[in-house]
Amino acid sequence: MRALISVSDKTGVVDFAKALSELGVEIISTGGTHQRLADNGIKVMGISEVTGFPECLDGRVKTLHPAVHGGILAMRDKPEHMKQLEDLQIETIDIVAINLYPFKETILKPGVTLEEAIENIDIGGPTMLRSAAKNHRDVVVICDPADYKRVIEELKQSNSVSMDTKYRLALKVFQHTAAYDAMISDYLRKQIGAELPDNLTLTFEKVQDLRYGENPHQKACYYKEIQSAEGVLVNAVQLHGKELSFNNINDTQGALATLKEFEEPTVVAVKHANPCGVGTGFDILSAYNKAYECDPTSIYGGIVAANRTIDAGTAEQISKIFLEIIIAPDFTEEAMEILTQKKNIRLLKLEGILKKSEGQIDIKKVSGGLLVQDTDDILFDEDEMKVVTDRIPTEREIEDMKLAMKVVKHIKSNGIVIAKDNKTLGIGPGQVNRIWAVENAIKQSNFPLQDSVLASDAFFPFDDCVTAAAAAGVTAIIQPGGSVRDEESIKKANELGIAMVFTGVRHFKH
């Protein structure tokens, strides 16, 4: 038997090659791998001895040769294949252990240039891996050092590797090379800001297996993007508590997306991915108290996201109720002492939590396909805000309308948010018509709504929403506008003395 070993990640390769050599396997290698094996006393043949051709072009060409690929691809049970090898004086290669140039590690380096990235695109490695994987009935192919042990164990036990193992290793190769190519194309596309391609291939790395999905009967895993940006959830570090569940992660993402709309000290409380209370204040404790007061019922068992360090005072207040998760840029030592007394609460630290995730794509899976879009990165252009009523909103109302719009952007449509004094007072998410969303936001509020403001994620189709809002005490409304019945809503607002602002920007979230 002959083995071709050429690896960038040299983890375990010396022990693997020694074990093969002790089993009588002849070792062929290239470049740095050849040097490493030789330095450790392993008898190894250079690739040029196999091809009869020197490595050239700074090592760009060394394995792309019939003596290599013929030895890999020949089907051993086809006499004509074996006869051709004999005539061409090519020997079979029975084990191929390859891992690829470190393209991912290269592009993750600060300040990496396009030229450096391109030089770390492997050509010969994927070709050999794919050749061996295609011919896996006759060739053992290994792209992951974690599989060395299994191959050696089977060779020691039976002097061969089982067909099941060969198949699984080949599958792993095609998954690996597909991800490698997708990573390259994604990187190159982003360098020029190219539009979404006609053929979209995405690659993610598994973070962990989850206990289950949304429900116990559903299997689930957690994956991360290769170049995940600063301040994204997948980069959070868990400091305390049970393992995160599918719903924990999904709901925390909802909290984090809303939180990123704010720069001032802010706390977002979320239940089932919808905000149930949002407050801003002069410090994180005052913000938390406002968020809690919005809906003391729904916050129970929910998730709290804060954009400032959790201190002892805030931790004392938080510890009074049961929460699943707290995510923040940091926790003081005193806060950790208080919160870790609760065994099950998950504490997540996320550096860069204020950083907005711009230029990303949003993906929704549908049966047989995907819906892909840019993320909703804008709120509205203040210069384009248009007061459409006789009454002009006050400065206080304008500030509250901005807060309400930041929140309504992140609740399920049809969505309505009522706010006042830098906190939400009532939230009506996910209704099948807009008047129900208005009525729900009013009904669920724990506060008198006099002199409050209301934000809508989309236009009012009728003036009934204005009527209901005014009856509840709302004095200013912010909405995108754009309905053929806008004039009816404007007329009703003028009749009832309500200020109304159009933004021209809709925020559906389905």
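Modeller: Happy to! Keep in mind that this is a predicted model. Let's start with E119, which is found in helix α7, residues 114–119.

Biologist: Why is E119 called partly exposed?

Modeller: Partly exposed is the label between the buried cut-off of 20% and the exposed cut-off of 50%. E119 has a relative accessibility of 43%, so it counts as partly exposed.

Biologist: Which residues does E119 touch, leaving aside its neighbours within four places in sequence?

Modeller: E119 is in contact with R60 and Y101. As for V474, its C-alpha atom is separated from that of E119 by 62 Å, and the two residues are 355 residues apart along the chain.

Biologist: V474 belongs to which pairing in β20?

Modeller: V474 is the bridge partner of S452. Strand β19 (residues 452–456) and β20 pair in the parallel sense over four bridges. From β19 the chain crosses through helix α17 (residues 464–472) to β20, in a right-handed β-α-β crossover.

Biologist: What does β20 do on the way to β21?

Modeller: β20, helix α18 (residues 486–496) and β21 make a right-handed β-α-β unit. β20 and β21 (residues 499–502) pair in the parallel sense over four bridges, and Q479 has F502 as its bridge partner in β21.

Biologist: What makes you say that β20 is largely enclosed by the rest of the structure?

Modeller: Six of the six residues of β20 (residues 474–479) are buried, so the strand is largely enclosed.

Biologist: Let's turn to a loop. Why is E261 called buried?

Modeller: Buried means under 20% relative accessible area. E261 has 10% relative accessibility, so it counts as buried. E261 lies in the loop between α11 (246–259) and β9 (266–271).

Biologist: How do you know that the side chains of E261 and H410 make a polar contact?

Modeller: The cut-off for such a pair of N or O atoms is 3.5 Å, and the polar contact joining these two side chains is 2.8 Å. Beyond its neighbours within four places in sequence, E261 is in contact with K356, L379, K406, K409 and H410.

Biologist: How many disulfides are there?

Modeller: The count comes to zero. A disulfide needs two cysteine sulfur atoms within 2.5 Å. The sulfur of C143 is 18 Å from the closest cysteine sulfur, in C221, so that is too far for a bond. For C276 the closest cysteine sulfur is in C294, at 8.3 Å, which is also too far for a bond. C143 is buried, with a relative accessible area of 9%, and C276 is buried with 10%.

Biologist: Is the peptide bond from S413 to N414 cis or trans?

Modeller: That bond is cis, with omega near -10 degrees. Most peptide bonds are trans. N414 lies in the loop between α15 (395–408) and β17 (416–420).

Definitions and conventions
Residues are numbered from 1 along each chain as its sequence is written. This is a predicted model: local features need pLDDT of at least 70, side-chain atom pairs count only at pLDDT 80 or more; totals for chains, interfaces and linings use all residues. Side-chain values use heavy atoms; hydrogens and water are left out. Helices (H or I, at least four residues) and strands (E, at least two) are DSSP runs, numbered from the N terminus. Buried means under 20% relative accessible area, exposed over 50%, partly exposed in between (1.4 Å probe, protein chains only). A polar contact is a pair of N or O atoms within 3.5 Å; within protein, one must be able to donate a hydrogen and the other to accept it, and residues adjacent in sequence count only if both atoms are side-chain atoms. Contact means heavy atoms within 4.5 Å. Two strands pair if DSSP finds at least two bridges between them. A crossover is right-handed if, with the strands pointing away from the viewer, the path from the first strand over the helix to the second runs clockwise.
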